[in-house]
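Student: Please pick one part of this protein and take me through it closely. Then carry on into the rest of the fold, step by step.

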Amino acid sequence: MLYHDRELAVVIKPVGMDAEHDVPAAIIAELGGECYPVHRLDLNVGGVMVYARTKSAAAALSRLIQEGALVKEYVAMVHGQPPEEGDLQDLLWKDKTKNKVFVVKRMRGGVKKARLTYRLLAAGELSLVHIRLYTGRSHQIRVQFASRGYPLAGDHKYGARDEVTAPMLFSCRITFPWKGKEQVFSALPDWAKDVPAFA
């Protein structure tokens, strides 16, 4: 738990914990009251998440997300060495039967626009990237990097062939306006802590 008050709870979700059921249940067990998820992380991805503790806070946070005022940033370890920075924009389609997302060429039913920007923090056979998400599509970061030949370490669904057990992706910072002040909550996973802090 990074922060809590009557309206918000900000936590670091562990890998393997369901963001929409297990985490709210754990928050309620610790703090009592109610808890409403307003955004999600894949089961096998960890990191900073904000939850609402009242229905009005949930509505306010949902509005911020729709307006693009809640900024989500991530760190990821990818195979290969992508360019130093990039603005990735794609059309994504999800095959619900396979729970897998694909980059497609044209708009049609079920296709959604996806955008992220990134910069390289450390380069090598495995490279560390810092990502800002502009759209919250299912598996978005994983698919957009894999489609360019840089699958995330541990992401066997999208092309990684390694021994890592879960995708090396972590929600490292959430920023949003709340009651006249900018709120910033951040954390880093162990595998990114020895890299100089990013601005």
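Predicted model: local features only at pLDDT ≥ 70, side-chain atom pairs only at ≥ 80, totals over all residues.

Tutor: Start at His-130, which sits in strand β9, residues 126–133. Residues are numbered from 1 along each chain as its sequence is written, and side-chain values use heavy atoms, without hydrogens or water.

Is His-130 buried or exposed? It counts as buried, because its relative accessibility is 8%. Buried means under 20% relative accessible area, exposed means over 50%, and partly exposed lies in between, with a 1.4 Å probe and protein chains only. The His-130 side chain also has a polar partner: it contacts the side chain of Glu-73 at 2.8 Å. A polar contact is a pair of N or O atoms within 3.5 Å; within protein, one must be able to donate a hydrogen and the other to accept it, and residues adjacent in sequence count only if both atoms are side-chain atoms.

In soluble globular proteins, nonpolar side chains tend to be buried together.

Leaving out residues up to four places away in sequence, Val-50 touches Leu-8, Ala-9, Val-10, Val-38, His-39, Leu-61, Leu-70, Ile-174 and Phe-176. Contact here means heavy atoms within 4.5 Å.

β4 itself is mostly covered: seven of its seven residues are buried. Its strand partners come next. Two strands pair if DSSP finds at least two bridges between them. β2 and β4 run antiparallel and are joined by six bridges. Val-10 has Val-50 as its bridge partner in that pairing. β3, residues 36–37, is also antiparallel to β4, over two bridges. There, Tyr-36 is partnered with Ala-52 of β4. β10 and β4 run parallel, joined by two bridges. Gly-46 stands opposite Phe-170 of β10.

In α1, residues 22–31, Val-23, Pro-24 and Ile-27 are buried. They lie on the same side of α1, because they cover an arc of only 100° around its axis. That arc is taken from the directions from the helix axis to the C-beta atoms. An α-helix has 3.6 residues a turn, so residues three or four places apart point the same way. The buried residues of α1 pack against β2, β3 and β4. Just after α1, Gly-32 takes a positive phi of about 75°.

Most residues other than glycine have a negative phi. Asn-99, in the loop between β6 (85–95) and β7, has a positive phi of about 50°. Asn-99 is partly exposed, at 34% relative accessible area. His-139 has a positive phi of about 60° and is found in the loop between β9 and α3 (140–146). His-139 is buried, at 7%.

Step out to a loop. Arg-108 lies between β7 (100–104) and β8 (111–122). Arg-108 is partly exposed, with a relative accessible area of 38%. From Leu-31 it is 77 residues away in sequence and 44 Å away in space, C-alpha to C-alpha.

Finally, the whole. The protein has three helices and eleven strands. Along the sequence they follow β-β-α-β-β-α-β-β-β-β-β-α-β-β. The radius of gyration is 17 Å, close to the 16 Å that the globule rule gives for 199 residues, so the protein is as compact as a globular protein of that length. That radius is taken over C-alpha atoms, and the rule is 2.2 Å times the number of residues to the power 0.38. Of the 199 residues, 48% count as buried.

Technical notes:
Helix = DSSP H or I, 4+ residues; strand = E, 2+ residues; numbered from the N terminus.
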